[in-house]
Amino acid sequence: MKQQEIPTLNRTLSFPQLFLFGLGTIVGGGFYALLGKIAGTAGIYTPFSFLVAGIVALFSACSYAELSSRYPYAAGEARYVENAYHNVWITKIIGWLVVTTGVISSATLVVASGGFIQDMAGLSPFVGILLVAVGLAAVAGIGIRLSMSVIVVITIIEVGALAFILWNTTDILADAANNWTQYVPPFEITPIMGVLGGAFLAFYAFIGFEDMVNMSEEVKRVKDNMPLAILGALIISTILYILVAVSALSLVSVSELARSNTPLATVMSQWGGLTTFGIALISLLAGLNGALVQIVMASRVAYGMARAERAPRWMGEVHAKTRTPLKSTAIMGGVILVLALLLPLVALAKVTSVLILIVFFTVNTALIRIKRHEDTLHNIPDHSHVYPLWIPYMGAGTTGIILIYSAAEFLGMV
């Protein structure tokens, strides 16, 4: 009797889909909400703060790009750490830390989305959160094609709103290109500290590329497409952020941007076509997009850990019809719903940021160890994208500094 084939994840994602998935995880609620706060800290040098933050993020993105080509599996971070340290407990800790990050991050965005629904439709936060959490878990469970289609469509809308600003400010951008030095801070303590403070805030608008590696077992030609998609999404995001920041500063005063809770809505109010409702709708879609990405990511990490015998076996089961880890997705959706109903937005956001920084630091140090030990034995997998050793050192150093800054801020020291 023929043995029944065990269902596995399908390699259905092309490079354009993966790239848009990555772009959608980076561009979104973070930038839409943070632009005003960054302007309040960095002032006219806000574009430079985004440039600094983008460069900091790029070091870690390169580490992820190299590791994803070496070990193209779901539960990416856990696999990277296991190959570096060969320690089951460290692997489990990092794997579950990534899952926890995804779940808490999704809960954060579900709470934010519930607030947007309350403002737009008058529904209670409880009803809004319930609808969002259950609906997104259902989409994630039905299949990766549906999830990816939703993510791609919302990403196009999010980026389209930024493109709308740039399209209507081409003259401003041309003038800024001729007078770019006004956005570069002088080498003086006050403006430099303002830029660094702005860059610290801006760094969180770049988080998201790390989610891409956990889709590795559903990507075509993963060793080539994954590194290119990671770096491409981050570079395009950086360019968009800098250009939109220049346009915003030219249209709205720094003080007005800093006071606004919805800075892009303030910028777009210059034109009658996009109303406050339209901006609220885009903000809602950005929150939904980010939450869906995190549900998909967390369930894939749990799946990958289970397949590597680092999590309960049932979490690695793939449904025969949906070809998704349905049980893992349902569990993640349930935990996200509970967290979203019990915890406030700010607390969820702060915990997410700290956990992500810890994961970034660990991944960079894992690559350092791999490059220093395995590469000396010429154990580099075929067709891997290999970067210089100083890249992960810079990634570990910069994320370590931001983590220390976060701790100091939490303790009231800065």
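Student: In which helix does glycine 304 lie?
Tutor: This is a predicted model, in which local features need pLDDT of at least 70 and side-chain atom pairs count only at pLDDT 80 or more, while totals for chains, interfaces and linings use all residues. Residues are numbered from 1 along each chain as its sequence is written, and side-chain values use heavy atoms, with hydrogens and water left out. Helices (H or I, at least four residues) and strands (E, at least two) are DSSP runs, numbered from the N terminus. On that numbering, glycine 304 belongs to helix α13.

Student: Is glycine 304 buried or exposed?
Tutor: Relative accessible area decides this: under 20% is buried, over 50% is exposed, and values in between are partly exposed (1.4 Å probe, protein chains only). The relative accessibility of glycine 304 is 0%, so glycine 304 counts as buried.

Student: How far apart in space are glycine 304 and glycine 95?
Tutor: In sequence, 209 residues separate glycine 304 from glycine 95. In space, their C-alpha to C-alpha distance is 9.2 Å.

Student: Which residues does glutamine 294 touch, not counting residues up to four places away in sequence?
Tutor: Glutamine 294 is placed in helix α13, which covers residues 276–307. Glutamine 294 counts as buried because its relative accessibility is 9%. Contact means heavy atoms within 4.5 Å. With residues up to four places away left out, glutamine 294 touches Gly102, Ser105, Ser106 and Asp211.

Student: How many helices does the protein have?
Tutor: Buried residues account for 55% of the 414 residues in the protein. Among contacts between residues at least 6 apart in sequence, 82% join residues at least 24 apart. The protein has 0 strands, and its number of helices is 16.

Student: With which residues is tyrosine 64 in contact, leaving aside neighbours within four places in sequence?
Tutor: Tyrosine 64 is among the residues that touch the most other members of the largest nonpolar core. Beyond its sequence neighbours, tyrosine 64 is in contact with Glu77, Tyr80, Phe209, Glu210, Val213, Ile230, Val359, Phe360 and Val363.

Student: How do the residues of the contact of α3 with α9 divide by class?
Tutor: The axes, lines fitted to C-alpha atoms over the stretch in contact with angles from 0 to 180 degrees between N-to-C directions, come within 8 Å and cross at roughly 60° for α3 (residues 46–70) and α9 (residues 189–202). That angle makes α3 oblique to α9, given that under 35 degrees is roughly parallel, over 145 roughly antiparallel, 65 to 115 roughly perpendicular and the rest oblique. Phe48, Ser49, Phe50, Val52 and Ala53 of α3 meet Gly194, Val195, Gly198, Ala199 and Ala202 of α9. Counting Ala, Val, Leu, Ile, Met, Phe, Trp, Tyr, Cys and Pro as nonpolar, Asp, Glu, Lys and Arg as charged, and the others, Gly among them, as polar, the division is 7 nonpolar, 3 polar and no charged.

Student: Which residues of α7 and α10 make their contact?
Tutor: The axes of α7 and α10 come within 9 Å and cross at roughly 45°. This makes α7 oblique to α10. The contact is formed on the α7 side by Val159, Leu162, Ile165 and Leu166, and on the α10 side by Leu240, Leu243, Val244 and Ser247.

Student: What is the phi of histidine 86?
Tutor: Histidine 86 lies in the loop between α4 (76–85) and α5 (88–121). At 61% relative accessibility, this histidine 86 counts as exposed. Most residues other than glycine have a negative phi. Histidine 86, which is not glycine, has a positive phi, near 50°.

Student: Where does arginine 221 lie?
Tutor: Arginine 221 is not a glycine, yet its phi is positive, at about 45°. Its relative accessibility is 58%, so arginine 221 counts as exposed. Arginine 221 lies in the loop between α9 and α10 (222–251).

Terms used. Core = buried A, V, L, I, M, F, W, Y, C linked by side-chain atoms within 4.5 Å.
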